[in-house]
Amino acid sequence: MTTATIFTRGSAGLAAPAVAIQVHITNGLPAFTVVGLPESTVRESRERVRSALLNSFFEWPDTRITVNLAPADLPKAGGRYDLPIALGLLVASGQLAQTGLENWECFGELGLDGSLHPCTGLLGGIIAATSAQRRCLVPLIQAPQLARVPNSVIVGAVDLLSACALIRTPSAPPAAPSRDLQETRAYPDLADVQGQGCARRAIEVAAAGGHHLLLNGPPGAGKSLLAACLPGLLPPPHPRQQLEIMQISDLMGDPPLAIRPFRAPHHSASPAALIGGGASARPGEVSRAHGGVLFLDELAEFPRAVLDTLRQPLESGQVLVSRVRGQHWYPASFQLVAAMNPCPCGNAGASGVTCRCGQDTIQRYQARVSGPLLDRIDLHVTLQRQTAEDLLNANNINESSKQVARRVSLARDRQIERQGSLNAGLETAKLMSTTALDAATQRWFERAADRLHMSARGIHRCLRVARTIADLERAPTVEQSTLLEALNYRAMPVVGHRVGDSL
Ligand SMILES: [Zn+2]
C-alpha cells in the first residue's frame, strides 16, 4: 500500500473537529511535505517522526512523502499529530497493516527515541472520539485521566513500538479511570469569619440562588476571606459541567480539576487574560472560573475597558474569542464576587477613623465601575471593619461551611424542581407567579419601590433575591419581611444608610 489514512482530532475551543491524516508515498527524490495548514510545531514533526521511526527499528522510506492534514482549512498546531503521522507512514510503507485502524483515533507527541509524550487539550478529542464510537490511543501517562470520559475506551502506549503492538491487539486492556483527581480542596471555612453577620447571610443567599455578589467595605474587613468561602458552600458540579471544568484545565495544561474552581485575577490583568485570546486562542479567567467563582478584588482598580468585557459572559454564560483564523466559544458560567473599598483611602463611612478623600474623589472612584456591570450584580452588601471584640471573643461560635452548604443545597433543589433553573436565572415572566405575593404585600412593595426610585431591573433583581431567601426558609410565598431583607441588598451609594430607615 502506498497511501494510508489515520484518524485523530484537532482543537478549536472546547470543540475537537475530526482530522484525517493522509500519507502518500511515491517514487521520486526524497522529500517530506506536510500540507493542510500546519503551524511550525506540526511542520517540525518530520524530524521527530524520522528519528522515532529509526530508533524504534523501523525503516524510513527514502522516497517522496506527502502528508495531508484534512480538512485543509482548519489550523493545526502542537505535537499531537506526531503519532498519527508516524502510523500513517508505517502503513503507507507496508510496515504496518491498515486493517482495523479505522476504529481508532490516535494522539501523542513523539520524542526522538520513539517515546510518547503527553499533549494538552486531548480531553475534547476523547469526548468527540467516544461519541464517534472509536477507541483512543494516547500517551500512557495521560490514559487514566482521559479514561474519566464516560463510555470511552482508552489505550495508553509508552512508545511508538508498543503503540503499533497495541493497535494490532483487539483485546488490549483499556486504561482504568484515575481516582487521584483534585476532587477536594480545603476552601476556607465560614466558621473562620468573625462577626460580619450581614455579609455571612448575603453569601449564603448568593450561594443558594446563584446570585452575583458585591462586597463593599474598608480594607481588613475580611472581604477576600468571605469570597474564598463561597465555592465551599456550593454543591458539587453536575457531571456535564464537571467535564467542561476538566476540559478547560486540560486546555491550559493544568492538572485536571473536578471541583468548582476559584479564580482571583489581579486588577492589572489584560482584557485577553480575563476574557481569553492571545495569538493562539486560549480560555481566559472567566472560562477558568466556569462552574465556580470569579473573584475581582479592588473592583474599582480594574480598567473600565476590562470590566466592560465581562458583560457578554455575565449575560450569556459563554464567551466568543475571535482570532484571525476563526472563532472559538468557551463556556464562562461563573458566579461573580466583587469587592471594593468605599473610597481610595478605604475609610469613608467607617466610625473612629478619618477619610482623607474629598467628596469629588469618592464619587469619581465609585463611578469607575460602570452602571450596567453593577446592574448585573444582584446582591450588594456593606461590611464594617472587624472590631477587636469580634476577633478576640472566644464565645463567638459561627456556623461552619458544611452546615450552611446543607441549607444551600436544599434551597437549590427546591428551585430546580420548581422552575428548572436557579433564581438568578429566573425569567422575568415567571417572577410574579413564583414569588406569589399577596395583595397587601404587593401594594407595600409597589410603594417601597416608588419611594426608592427603583428601576424595572432593580425591582426584578429584588424579587429574585427575595425568592431565594424564601427558598432558604422553605416558604412557599414571599412575605413582606423577606422583601425588606432583599431591599437591603440592592445597589446604593456606599456611604449611605440602610433601606429600612427610609421606609
Ligand atoms: Zn477615603
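**Entry 1: Arg376 and Glu315**

I began with Arg376, which forms a salt bridge with Glu315, the closest N and O atoms being 2.8 Å apart; as a salt bridge I count a side-chain nitrogen of Lys or Arg within 4 Å of a carboxyl oxygen of Asp or Glu. The pair links distant parts of the chain, since Arg376 lies in the loop between helix 15 (371-375) and strand 18 (379-382), while Glu315 belongs to helix 13 (residues 311-316), 61 residues apart. Helices (H or I, at least four residues) and strands (E, at least two) are DSSP runs numbered from the N terminus.

I then looked up the accessibility of both partners, with buried meaning under 20% relative accessible area, exposed over 50% and partly exposed in between (1.4 Å probe, protein chains only). Arg376 counts as buried because its relative accessibility is 18%, whereas Glu315, with a relative accessible area of 55%, is exposed.

I note here that this is a predicted model, in which local features need pLDDT of at least 70 and side-chain atom pairs count only at pLDDT 80 or more, while totals for chains, interfaces and linings use all residues. Residues are numbered from 1 along each chain as its sequence is written, and side-chain values use heavy atoms, with hydrogens and water left out.

**Entry 2: other salt bridges**

How many salt bridges does a search of the whole structure find? I noted 18 of them.

One of these joins Arg9 to Glu105, with 2.8 Å between the closest N and O atoms. This pair, too, links distant parts of the chain, with Arg9 in strand 1 (residues 3-9) and Glu105 in strand 5 (residues 104-106), 96 residues apart. Are Arg9 and Glu105 buried or exposed? I find both of them buried.

I also looked up Arg311, which forms a salt bridge with Asp308 at 3.6 Å between the closest N and O atoms. Arg311 counts as partly exposed because its relative accessibility is 31%, and Asp308 is likewise partly exposed, at 28%.

**Entry 3: the two domains**

The domain assignment, whose bounds come from an automatic or database source, gives domain 1 (3-167) and domain 2 (190-502). I noted that their C-alpha centres lie 45 Å apart. The contact between them, meaning heavy atoms within 4.5 Å, takes 17 residues from domain 1 and 16 residues from domain 2.

The area buried between the domains is about 1,400 Å², of which carbon and sulfur atoms give 67%; this is the accessible area (1.4 Å probe) that two parts lose on being put together, summed over both. In domain 1, Gly13, Leu14 and Leu123 lose the most area to domain 2, together 41% of what that side buries.

Between domain 1 and domain 2 I count 0 salt bridges, yet 5 residue pairs are in polar contact across the interface (both at pLDDT 80 or more). A polar contact is a pair of N or O atoms within 3.5 Å; within protein, one must be able to donate a hydrogen and the other to accept it, and residues adjacent in sequence count only if both atoms are side-chain atoms. Helix 4 (residues 123-131) gives the largest share of the side of domain 1 that touches domain 2, with 3 residues.

**Entry 4: the whole chain**

I lastly noted 21 helices and 18 strands in the chain, whose C-alpha atoms fill a box of roughly 90 × 45 × 45 Å, taken along the principal axes. Of its 503 residues, 51% count as buried.
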